[in-house]
Amino acid sequence: MQVKVSVIIVNYNTCNYLEGCLRSIYEKTHRVSFEVLVIDNASSDNSVQMVKSEFPFVKIVESDTNLGFGAANNRAFDEARGKYIFFLNAVIFFISGSFF
């Protein structure tokens, strides 16, 4: 099946926000095929481990350095498979009736 939307989230030490964001995406998105890519900018918190253990279906792209927001989005964009790209900040939580 073709992925309709690629959700790209840049992360840098936002483990708690990222967990809530990811949980809300998977709980509230039902009407469209999607993938989620998290690009981690060399976080020193447990963000990468949390994503791998709690959301193993999320594609995580790990950077050895903090690329910055723009370059990180570009790196994840290169790996996205969706027809549409949705750039999202980790502090955003989906609610019922939002986006998809």
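Which residues does Ile25 touch, not counting residues up to four places away in sequence? In this predicted model, the contacts of Ile25 beyond that range are with Val7, Ile9, Phe34, Val36, Leu88 and Phe94. Ile25 also belongs to the largest nonpolar core, a set of 19 residues in which Val7, Ile9, Leu18, Leu22, Ile25, Val36 and Leu88 have the most contacts. At least two residues of this core are supplied by each of strand S1 (5-11), helix H1 (15-28), strand S2 (34-41), helix H2 (47-54) and strand S4, and H1 gives the most, with five residues. Apart from this core lies another, made up of eight residues that include Ile8, Val10, Ile39 and Ala80. In soluble globular proteins, nonpolar side chains tend to be buried together.

Ala72, which is found in helix H3 (residues 69-77), has a relative accessible area of 0% and is therefore buried, the cut-off being under 20%. When residues up to four places away in sequence are left aside, Ala72 touches Val10, Ile39, Asn41 and Leu67; of these, Val10 and Ile39 are among the residues of the eight-residue core. Between the C-alpha atoms of Ala72 and Val91, which stand 19 residues apart along the chain, the separation is 17 Å.

Key: Residues numbered from 1 in each chain as written. Predicted model: local features only at pLDDT ≥ 70, side-chain atom pairs only at ≥ 80, totals over all residues. Heavy atoms only, no water. Helix = DSSP H or I, 4+ residues; strand = E, 2+ residues; numbered from the N terminus. Buried < 20%, exposed > 50% of the residue type's maximum accessible area, 1.4 Å probe, protein only. Contact = heavy atoms within 4.5 Å. Core = buried A, V, L, I, M, F, W, Y, C linked by side-chain atoms within 4.5 Å.
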